[in-house]
Amino acid sequence: MSAQFMQYLLTGLTVGAIYALVALGFSIIFNASHVINFAQGEFVMIGGMTTVTLTAAGLPYLLAIPLAIAAAALVGLALEKFAVEPARGASVITLIIITIGASIFLRGLAMVIWDKRFHALKPFTGDTPIAIGGATVLPQSLWVIGVTLAIVLALSWFFGRTLLGKAMLATSHNRLAAQLVGINVRMVLFLSFGLSAALGAVAGILIAPITTTSYDVGVMLGLKGFASAILGGLGSGVGAVVGGLVLGIAETMSAGYISSAYKDAIAFVIILAVLFFMPSGLFGKRGSERV
Amino acid sequence: MLSRLAAPRTGGMLALAVVIALLPLVLSNKYFYDIAVLVGLNAIVCVGLNLLIGYAGQISLGHAGFFGAGAYGSAILASRYGWPPLAAMLATTLAVAALAFLVGRPILRLKGHYLAMATLGLGIIIFMVITTEDRFTGGPDGISVVPLSIGGFVLQGERLWYWVVGALLLLAVWLALNLIESPAGRALRALHSSEVGAEVVGINAAEHKLMVFVISAVFASIAGSLAAHYSGFVTPGKAAFLHSIELVTMVVFGGMASTFGAVVGAAVLTTLPQLLTVFEDYEMMVFGAVMMGTMIFLPRGVVPSVARLFRARRREPADHAETRR
Amino acid sequence: MKSTRAKDSFKRGLVAVAAAFTLMAGTAIAAEPIKIGSFLSVTGGAAFLGDPEQKTLELYVEKINAGGGVLGRKLELVAYDSAGDAEKARTFVKRLIEQDKVDVIVGGSTTGETMAVVPLVEAAQVPFISLAGAVVIVEPVKKWVFKTPHTDRMACEKIFIDMQSRKLSKIALISGPGGFDKSMRGQCLGVAKKYGVDVIADETYGKGDTDMTAQLTKIKNTAGVQAVLNAGFGEGPAIVTKNYRQIGISVPLYQSHGVASKEFIKLAGAAAEGVRLPAAALLVAESLPASDPQRPVVVAYKKEYESRFKSEVSTFGGHAYDGLYLVVEAMKKAGGTDKAKVRDALEGVRGFMGTAGVFNMSAGDHMGLDLSAFRMLEVKGGDWTLVK
């Protein structure tokens with residue numbers, strides 16, 4: 001029983017860590033621009049697929065992974081430059097439709113560049129299962145959890161200690177005031193897209209050895225990431241991480257103890273219930289009203 | 001012609017009626033009629049959804065759930081249990097209205113993206129129930145639906161359906177326009193500009209939002225029932241998240257807070273995939289690019305933006321109340 | 001847009017008038033190509049079905065035309081991407097029938113899409129060969145509808161027979177979210193009793209799920225499970241297989257014909273060792289004995305496909321090959337493209353050797369394959385091998 005519980009918990013943590021990375025991407029862009037970027041899942045796909053291509057071409061992971069992350073970041077920057085920036089001042093829902101259009105475009109592009117098949121990526125450090133407290137995990141799961149942890153720490157350092165991070169944070173709190181104290185708000189917006197694209201790509205690369213990757217892998221992961229970001233409270237870094245982990249664990253626990261057919265539905269019921277009592281998510285800013 | 005579309009109520013209704021009446025002149029075979037029927041059905045959903053998004057300012061990413069509930073309610077009651085289709089449709093509509101009423105109250109307390117998430121979750125839960133309960137719904141492979149018969153008369157064939165859906169669309173537009181012009185509609189618009197302000201002048205925001213939510217769900221449900229009978233087959237895809245996104249896109253594309261914009265959005269985005277087949281492998285890319293491009297260059301949506309352009313050219317003073325229609 | 005349409009229909013009218021004149025003049029209409037309509041899930045969740053299907057159709061239409069066509073007429077392929085969406089499939093089939101005026105339809109990658117268009121082809125009386133799996137397509141028999149893949153029920157039967165021979169009677173079922181998965185799950189539950197198989201655990205996973213250890217842990221902790229059967233296609237079964245080894249389940253794992261391609265082994269890696277599944281002989285083309293009558297057909301198709309597209313052959317593309325050649329065979333026999341005659345000829349096909357096996361159609365069987373068409377395969381040393 002407890003071994004079983006342990007297995008569900010570890011699985012939930014792995015899945016949840018990926019959701020958390022995607023959710024962080026949503027939150028960073030939301031903070032800078034109040035845009036919900038529905039193309040976030042596509043960064044996950046670009047990260048995974050680029051790494052697949054580069055390693056197939058013979059590049060070692062140490063080279064392929066940074067390149068893939070850079071590629072995704074470039075796409076993120078391009079998205080901001082050519083799709084979001086020209087539409088500055090448009091209503092929030094118009095921006096949502098633009099990012100949905102962008103995600104369809106990117107998926108279509110991936111289909112043409114690569115193909116429609118599933119691709120596997122070799123695990124970073126073998127695939128001999130490791131036993132922990134009666135449960136077994138793949139070494140890749142530890143990579144997922146470990147890297148996510150490292151990224152969360154790095155981000156909190158970035159936002160708390162560096163000038164650029166503080167500028168980004170300031171912009172999210174009050175754009176006008178930030179501009180008045182001399183922060184280049186446009187640049188912050190631009191960089192936030194690059195940063196969250198890079199985070200998405202990391203998620204995509206980490207998960208590919210476990211789940212395989214394909215041109216439309218971003219659809220479901222994007223959706224779950226969005227759900228996590230909302231559950232945790234939009235714009236809150238802690239919220240995104242907690243939201244992701246809660247969602248991941250809720251899914252696996254429901255699959256294990258209640259019903260595997262309804263595990264996603266149960267997860268969404270939980271989110272609805274949380275929102276009913278906490279309309280701004282677990283860690284969201286209270287009283288901020290935006291439509 | 002497009003400026004007429006944005007012109008006063010009667011003018012717009014008349015223009016729409018004329019388009020519906022004359023369209024068959026260019027519909028040279030059943031395939032074109034089929035597309036026209038699909039446009040009509042989507043337009044009915046969008047006219048309802050536009051009341052919610054455009055006028056009440058409440059986003060919903062779950063309306064395909066109501067559409068699917070309508071389609072499956074009719075399918076199950078009429079095809080599995082042999083109810084008369086109209087009775088099945090009525091019962092389903094009432095059930096969906098009740099569902100929207102019950103969940104609407106807590107959900108509509110949420111704002112902005114949180115509301116988007118909640119409606120999205122609601123839609124996904126409906127979708128999952130439909131896919132999983134295959135004893136009733138036939139699961140992911142779908143279920144056949146009997147044709148729509150009223151008394152002894154069977155409604156079949158694209159041409160007949162075209163006129164029925166055309167008439168229903170006119171009715172839906174008429175209802176929506178009347179609602180917008182009514183005191184309730186003015187209250188709604190007040191809501192959109194400032195909910196707090198509206199509350200202060202004595203508008204019961206929660207009641208109004210709930211009413212529009214239920215109305216838009218009913219529109220979607222009826223269109224779903226009709227679509228099921230028309231197609232003779234329904235799959236869970238109609239209740240899926242992506243369909244919800246499609247519906248919202250149609251509304252925004254055509255022009256938020258413009259009833260005729262919703263119709264135009266439905267027409268363009270329903271026919272576009274048929275035109276894009278020539279691009280073969282690049283179809284998806286082109287579709288995404290068209291979506292992005294339109295929203296970047298016409299951020300207010302096609303109909304309001306074009307209407308504004310026309311007005312500017314005629315050097316008429318821009319009238320906000322008019323563009324809102 | 002409207003004006004283009006009007007122009008289109010005007011042009012079409014002219015063409016029709018011109019065609020009528022040629023007919024009256026009694027001149028041969030040999031130049032008129034035979035139109036083969038198709039709608040496939042080339043994109044979307046079922047793209048791994050639709051993609052090889054479309055490639056196969058394009059490849060062989062080209063090949064047949066290079067060889068002089070059929071009955072002295074060229075073939076013309078009109079294909080649309082229905083993206084796994086039943087509504088789209090319906091609209092495209094209307095387009096194929098009304099606008100493109102095709103002679104036959106070969107397509108429909110998924111059961112949902114196929115079933116959505118059945119009423120249309122029945123009403124329009126166009127011969128239609130579906131490439132989808134479920135048994136409902138041909139049971140009850142529909143006058144104008146045929147199909148080439150084995151049914152999911154046959155897959156269940158083949159697997160259960162193999163289990164019987166290994167004395168495995170208590171099994172667990174784990175299935176995915178798609179139509180294929182659900183339909184196969186239902187069929188397996190339906191015929192299990194007949195083969196003395198007891199399904200004592202029944203789990204499912206969702207679309208895009210990244211991990212199935214929770215479901216598998218539940219199965220692992222169900223006492224008495226002697227084998228596990230995974231009904232599913234796409235990336236799901238690969239993840240199931242990996243998780244299966246990860247949590248150390250040691251009883252035999254069976255997959256369905258839904259993952260019958262080399263790709264599955266690539267995706268699942270070493271975890272795929274020992275997995276069994278029923279599939280057409282195509283997957284083991286080269287290791288078939290020379291005496292096997294199916295060998296020439298499958299070896300030739302495999303070579304053509306792999307040399308043209310530089311990717312591994314799958315049985316799905318094979319279904320499209322079978323569909324296309326069944327149509328060609330029927331047209332030759334009917335001596336033309338008269339729809340009723342082609343339909344009758346299709347129903348009369350006997351002993352046709354396709355990639356999926358020998359087709360023996362009849363008025364009561366619009367698929368025409370029997371269990372002998374399935375081979376039981378096992379992954380050994382990173383490749384499919386025939387189970388003796």
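**Close-up 1. Gly37(C) and its partner across two strands.** In S2(C), Gly37(C) has Val78(C) as its bridge partner. Strand S1 (residues 34-40) of chain C pairs with S2(C) in the parallel sense, over 7 bridges. Two strands count as paired if DSSP finds at least two bridges between them. Strands of a sheet pair through backbone hydrogen bonds, either parallel or antiparallel. This is a predicted model, in which local features need pLDDT of at least 70, side-chain atom pairs count only at pLDDT 80 or more, and totals for chains, interfaces and linings use all residues. Residues are numbered from 1 along each chain as its sequence is written, while chains are lettered from A and ligands numbered from 1 in the order in which they are written.

**Close-up 2. The open sheet of chain C.** Now for the whole sheet: 5 strands of chain C form an open sheet with parallel pairing, in the order S2-S1-S3-S4-S5. Which strands stand at the edges? They are strand S2 (75-81) and strand S5 (145-147) of chain C; each has a single partner strand, so one side of each is left without a neighbour in the sheet. From one strand to the next, the twist averages 25 degrees. Helix H11 (residues 315-334) of chain C lies across S1, strand S3 (104-107) and strand S4 (128-130) of chain C, and runs at about 165 degrees to S3(C). Axes here are lines fitted to C-alpha atoms, for helices over the stretch in contact, and angles run from 0 to 180 degrees between N-to-C directions. Helices (H or I, at least four residues) and strands (E, at least two) are DSSP runs, numbered from the N terminus.

**Close-up 3. Two loops of chain C.** Most residues other than glycine have a negative phi, and most peptide bonds are trans. A cis peptide bond joins Glu139(C) and Pro140(C), with omega about 0 degrees. Pro140(C) has its place in the loop between S4 and S5 of chain C. Lys101(C) lies in the loop between helix H3 (86-99) and S3 of chain C, and its phi is near 50 degrees, a positive value in a residue other than glycine. With 14 other C-beta atoms within 10 Å, Lys101(C) is partly exposed. A residue is buried if 20 or more other C-beta atoms lie within 10 Å of its own, exposed if 12 or fewer, and partly exposed in between, with C-beta atoms placed from the backbone.

**Close-up 4. Gly41(A) and its surroundings.** Gly41(A) lies in helix H2 (residues 40-56) of chain A. Is Gly41(A) buried or exposed? It counts as buried, because it has 30 C-beta neighbours inside 10 Å. Gly41(A) and Gly222(A) are 181 residues apart in sequence, yet 3.9 Å apart in space, C-alpha to C-alpha. Leaving out residues up to four places away in sequence, Gly41(A) touches several residues, among them Val22(A), Ser103(A) and Gly225(A). Contact means that the C-beta atoms of two residues, placed from the backbone, lie within 7 Å. In the loop between helix H1 (2-33) and H2 of chain A sits His34(A). Phi of His34(A) is near 60 degrees, a positive value in a residue other than glycine. His34(A) is partly exposed, with 16 other C-beta atoms within 10 Å.

**Close-up 5. The two sides of chain B.** Let's look at where the chains meet. On one side, 32 residues of chain B are in contact with 39 residues of chain A. Helix H6 (112-132), helix H12 (241-254) and helix H14 (283-297) of chain B each give two or more residues to this side, and H6(B) gives the most, with 10 residues. The residues of the side that touches chain A divide into 22 nonpolar, 7 polar and 3 charged. Elsewhere, 24 residues of chain B are in contact with 27 residues of chain C. H3(B) gives the most to that side, with 6 residues. The side of chain B that touches chain C has 8 nonpolar, 10 polar and 6 charged residues. Ala, Val, Leu, Ile, Met, Phe, Trp, Tyr, Cys and Pro count as nonpolar, Asp, Glu, Lys and Arg as charged, and the others, Gly among them, as polar.

**Close-up 6. Confidence along chain C.** The mean pLDDT of chain C is 88, and 92% of its residues reach 70 or more. This score is the predictor's confidence in each residue, from 0 to 100. Over residues 19-29 of chain C, pLDDT stays under 50, and the model has 2 contacts beyond four places in sequence for them.
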